[in-house]
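Have the model open while you read.

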Amino acid sequence: MRLTEFSIRNHQFTLVVFALLILIGVSSYMAIPRTEDPYFPISAFQVVTIYPGADPREIEQQVTKPVEDAINELSDVKELFSTSRDSVSFVPVEFIATIDVDKKYDELVRQMDTLRPKLPAGVKSLEVVKVNPGLVNIVQIALASETASYAELADVAERLQDLLERVSGVRTVKTWAYPERELRVTLDLKRMAQYGLKTRDVVNLIGGENANIPGGAVEQGDKRFNVKTSGSYQSLDEIKNTIIAGAGIKGALAGQTIRVSDVAQVSWDFESRDYTGRINGKRAVFVSANQKDGRNIFNTQEGIEKAVTAFKEELPANIELVWAFDQSKNVEKRLGRLNADFLIAVVLVLVTLLPLGLRAAGIVMVSIPLSLATGLAALHFAGYSLNQLSIAGFVVALGLLVDDSIVVIENISRVLRQGYDRTTAALMATRQISLAVLGCTATLLFAFLPLLMLPGNAGKFIRSLPLSVVFTVLASLFVALTIIPFLASRILPRTESEHGNIFLQRLMSGIDVFYSPLLRRSLAKPKTTVVASLVLFAASLLLVPLIGFSLFPKADTPQFLIQVNLPDGASLSKTDEVLKQAEQVVLSHEEVQYAVSNLGRGNPQIFYNVFQRELAANYGEIFVQLHDYHPGKTPRLLDKMRESLNGIPGANITLKEFENGPPQDAPIAIRLQGTDLETLKALSLKLEAIMEATPGTQNVVNPQKASRVDLQLAVNREKAGMLGVPSVELDQTVRLAIAGQKAGEFTDAKGDTYPIVVRGPMAGRSSLNALDGFHVTSLGGAQVPLAQLASLQLSSSPNQISHYQRERSVLLTAQTKTGFNTEAVTRAIEKQLHEVSFPKGYGFSLAGEVAARKDSFEGFSTAILITVFGILAILILEFGSIKSSLIVLMVIPLGVMGGLLMLFLTGYTLSFTAMVGFIALIGIEIKNSILLVDFTNQLRNEGKGIDEAVEEAGQVRFLPILLTSATAIGGLLPLALQQSGLYSPMAWVIIGGLITSTLIGRFVTPVMYKLLPPALSHRLEPT
């Protein structure tokens, strides 16, 4: 029994299925996670190593190269980068996209654990960081005060951290922008010299006394006891009272008991203030939290708000709590805007259905909630969230899911007007059209299925959009062949006017007046019609260079970053001076709600593809939160702000808007590669001049523009050798004086652990005075002032040393000015670089958006081939004729022509999502041609001639084709008018393609049929 007949004959079963689909959809809608952007595991990681005090050359040789070598031993490495900066090694690595991200992370961690003991002893930390969109902070809370001490702010921040960690749905909570507490042992240098003590004596002694070594277990009778040893320190007094051995004590002091408190001050303090924060100019610390996978951001945010509301009541009066960032606001606005667009689209679809009659239109509209409910449930079960892309997919599907139902109900209505009863009309009309409906849906699915197989992280990012379309369209096919015929057999009027309602009469009248005469003229001059259409298509291709290319558009969020880069070697105080000037520029605009300043580090991550910058004294960053984002006003505001920021001297200040898609260096980026740093620097200066002189560039950054000036410890090795002072003793003394030396950890009563750090006298941050008064001990035990053996001299070193694929490189970046196309500007720079003479072994390559686009688009050729040949196979299977298939495929260039023309008129570029629109358009427009060719074949099978069959099919099928195109356009129009750089180009491409393929294709397809009349053959019957 055929599916349609089964659903009509077993109406009670059909009603149960009807109710089940609705309930599953409602349940899934309540349970599906809601996020701003899709979650997708990125096959990339970052290895960050902190080696305080080491310059870029030392970092490169002693840390970066060993890390690169270890990573290179792993399989599936795609790209390996590294940057060696002052005190920091940063090694991002990308693996091929098909790996298991969690397994590869574990493998990389094991590799780094094996390497760790081989690194220099001064390495403070080595961390493997996942590049994971799921780790984006959904909230950032500022605790601001000008009067509270950092100790008070830190205590409040840590209490809030503990509270938020207990909220359901929260994964991790971190605190930022204040110096970490440490138990500091500040040496009294004069007393140390007086007693003849070595600095390392104190370090070794405290570390040894703090050891916690279990004594084991003993048994006595029927009892078992654990034997505790002296254990670790329990209080500051225990450290103060630690006795220093008499080694090195001479003369009258020999034999005296010397304690730590005699030669040092033991107290709680804070490490060097390398990272501090402000909000709207007021000193602040930050608390950020991210969300567990698969959770609803609104539920998580509700839990956070309850916890914070209760916490605010306990806050001291001098500390203010500010919500600096709340991602749920973005999600609420984005999803709310799409939901509003969705409702508008539903109304537009309903209006286009009026020619079918109110009852028929009502039946078709039933397919919308049923198909969407089923598609949403399938998306939820597949593990995806409701985000801006999946909702955009549902809006795209809205204009498509009614197509099958329209074709079915229109055919049933037409048969009813011929005098058949409702049940017979439903069965006969659905059977007549079912094969064409199956073919239409199959071609549409083949247009979207290849998008699910796009490689790389760009494919992962976009995947929820085609998946939501595929699920929904499959559901609509099931609904169109079962529930729609069932409802038609029960609801459609038993008798209907032969000419339909007034809307249908007017529409048919228009078809008779305008379309039919033009169709006859086209059929009279078939070759002229085809040539004219091909000329129009060829002319549209000339628009491609004018349209330009791009990757992913800006995110259009009311947040952005201002990145302040000073030359390497700049002090934190100088960086802060420039950062405050940038703050003033930002806060002078009333559209700004919050300006969150970060001195010495990047802001905690709040966007999925922009990662937090590591510690750097010459770097500052302002996270700006606007009251709202306006597609017209906000870009002008940002351009105005850029002009003001460019007027601040002494720094390179970049206003960075958030952009969709995988992470990239900058819109414009050129990479130089070679071996010698000086040669690379000379080449980078030439490239910098070219980039700055090229129209369309701004904020050109050359990391090798100026050398870094450091202080080199110049040791008089001859004198040191004569006095018996080893070089290692000098180096260790200098390190302890400036950076301090860890002598163990102290665990308080709450279980929190803090480092015990032995330092020389310091206040705030280390300065040149840190070396004053230090002595080194000779092999004979004599105390020798450090100043007698060494002096500090200025030396030049590179700002940073970068590698690409383990070869030295320099990456120069630039932003694109508003109104310029990134592709065109990059190609203009590339053309000039080809005229530059590079030394042997040196060269350049394009990075930034051009390289990212190449990587992201590499799967499109395969996707297009699969789409075209898959559709061709379906057409041959349906029609049994290559000629019929070619006639149908002829409509593709006409749709491409409309898509290109619409992009040109609206000002959008050929972006990733626009290409998605073209691929989807192939399946959508072919659906209409299938209806025409299929009906023409049916008429010829009934014995009609080619001209008569072609003309009649064109007139009869023009109505459902027009209605399906109109509903698709109506569904997509709100997306197109939203001015979203992400999905408006896709919507405009499909709308433009549908307009041209519907209007021009309805002449070209019949003409092609006449020129290439296929031989009629047996075709597959639907089951």
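At 1% relative accessibility, F45 counts as buried (under 20% relative accessible area; exposed is over 50%, partly exposed in between, with a 1.4 Å probe and protein chains only). Keep in mind that this is a predicted model, where local features need pLDDT of at least 70, side-chain atom pairs count only at pLDDT 80 or more, and totals for chains, interfaces and linings use all residues. Residues are numbered from 1 along each chain as its sequence is written, and side-chain values use heavy atoms, leaving out hydrogens and water.

**Aromatic pairs**
- The count comes to 10 aromatic pairs, meaning Phe, Tyr or Trp rings (six-membered ring for Trp) with centres within 6.5 Å; planes under 30 degrees apart are stacked, over 60 edge-to-face, the rest tilted.
- F45 and Y105 are tilted, with ring centres 5.9 Å apart and planes at 35 degrees.
- Y105 is partly exposed at 23%, and F45, F95 and Y105 form one aromatic cluster.
- F607 and F658 are stacked: centres 4.7 Å apart, planes at 10 degrees.
- F607 is buried at 4% relative accessible area, and F658 is buried at 2%.

**Charges over rings**
- The charged end of R181 sits over the W268 ring, 4.6 Å from its centre (CZ of Arg or NZ of Lys within 6 Å of the ring centre and within 35 degrees of the ring normal).
- R671 lies over the face of Y804, at 4.1 Å from the ring centre.
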